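Hello,

Here is the structure I promised to pass on to you. Please open it first, and then read my notes below alongside it.

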Amino acid sequence: MADNQTQMKEIEQLLEEYKKGMTPEQSRELVEKMREVRFIVPVTFPQDETLAAMQAELERTGKPVRLPKDAKPIPVLIQNPNKEHFLAVYTNLTQLPKEHHSNGVIEMTFDACMNYAKNAKSPVFGVVVNPFSNNFVVRPRKEQQVTPAQFHLLARKNVEYVLFPHSIYTRDKAYFDSIDAKTLYTFFKDQYQNKLPMPYAESDFEVMQLGINPKLDMIHISMPAKKLEQGACIRIYATWHKEAERPGYYMIVRGEEKGDRKWIYIHDNGRTEDLGEAPVESTEMQQVMNMELERYSAN
């Protein structure tokens, strides 16, 4: 049987391939491989005698210390712009940020990580592998615990934050030019299948392809007003910089209070960037154009 390090290198290679596009079958294969290895998890130990003894053992041997039965490490969680908490795990120590706000690291199996996310006292939405590079997110299956209202929001976020932007970043200009209302409708239809009645019609998605600048193409997408809860998209602006041959993905989302609107950019690795309060609707398109052209102006 291959050792943990060898198996982890194979997983890291698959994670790199994820950036280029991954089918559901490949994703399931990756998760199965993850179940065979132990991940690095930053934790916080209480400042007590157990921690002192572990530190002394580490200094004496210079080798990993076996976790005492009475040790009570608290895994460090990270939060996305929607204030959802995830358990962050890493394939190797070099993936950890310089400041990871912990006083130790432990090894956990993937199943143990998922069980922690499922059973945590406060909501933990899943496990994210190498959040600052690969950003591979796995959510535990809790369909039986999800209300219809929660399912509608999860379906929107899965399409708006993950599946649709991923398709734009991993496919070519021909795909970008083909995006229409049916494209969005199909993404949502795949989410619902036989779980709940589909609340949207194809006519609920308003898609306009715009050639607004010699350097930039843009798709203006008005999302359905139905099921528009906090964090859901009001509008999406997908861009294509012609000289750089690179797409971009901007979202106007509903904030905490009705009427509040946030502006978010999703990068090609899935990382979300909070751009603050959204511009007024009449200037949204101009602001997106200015920002996207500015990204490449130095090149």
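Which strands does helix α4 lie across, and at about what angle does it run to β5? Helix α4, residues 110-119, lies across β1, β2 and β5, and its direction makes about 100 degrees with β5. Please keep in mind as you read on that this is a predicted model.

The sheet under α4

The strands that α4 lies across belong to an open sheet of three, ordered β2-β1-β5, with antiparallel pairing. The edges are taken by β2 (74-75) and β5 (104-109); each has a single partner strand, so one side of each is left without a neighbour in the sheet. Between β1 (residues 38-44) and β5 there are six bridges, and the two strands pair in the antiparallel sense.

Helices α1 and α2

Next, have a look at α1 (residues 4-18) and α2 (residues 24-34). Their axes come within 10 Å and cross at roughly 155 degrees. Since angles over 145 degrees count as roughly antiparallel, that makes α1 roughly antiparallel to α2. The crossing of these two helices is left-handed. On the α1 side the contact is made by Glu10, Ile11, Leu14 and Leu15, and on the α2 side by Leu30, Lys33 and Met34. Sorted by class, this contact of α1 with α2 has five nonpolar residues, two charged ones and no polar ones.

Helices α5 and α7

How do α5 and α7 cross? The axes of α5 (residues 148-170) and α7 (residues 181-192) come within 10 Å, and the crossing angle is roughly 130 degrees. That makes α5 oblique to α7. This crossing is right-handed. From α5, the residues in the contact are Phe151, His152, Ala155, Arg156, Asn158, Val159, Glu160, Leu163, Phe164 and Ser167; they meet Leu184, Phe187, Phe188, Gln191 and Tyr192 in α7. By class, there are nine nonpolar, four polar and two charged residues in this contact of α5 with α7.

Finally, the aromatic rings: a search of the whole structure finds 12 aromatic pairs. One of them is formed by phenylalanine 164 and phenylalanine 187, an edge-to-face pair with 5.8 Å from centre to centre and 65 degrees between the planes. Phenylalanine 164 lies in α5 and phenylalanine 187 in α7, so the pair ties together parts that are 23 residues apart in sequence.

Conventions. Residues are numbered from 1 along each chain as its sequence is written. This is a predicted model: local features need pLDDT of at least 70, side-chain atom pairs count only at pLDDT 80 or more; totals for chains, interfaces and linings use all residues. Side-chain values use heavy atoms; hydrogens and water are left out. Axes are lines fitted to C-alpha atoms, for helices over the stretch in contact, and angles run from 0 to 180 degrees between N-to-C directions. Helices (H or I, at least four residues) and strands (E, at least two) are DSSP runs, numbered from the N terminus. Angles under 35 degrees count as roughly parallel, over 145 as roughly antiparallel, 65 to 115 as roughly perpendicular and the rest as oblique. A crossing is left-handed if the near helix is turned anticlockwise from the far one by less than a right angle, and right-handed if clockwise. Contact means heavy atoms within 4.5 Å. Ala, Val, Leu, Ile, Met, Phe, Trp, Tyr, Cys and Pro count as nonpolar, Asp, Glu, Lys and Arg as charged, and the others, Gly among them, as polar. Rings of Phe, Tyr and Trp (its six-membered ring) pair if their centres lie within 6.5 Å; planes under 30 degrees apart count as stacked, over 60 as edge-to-face and the rest as tilted. Two strands pair if DSSP finds at least two bridges between them.
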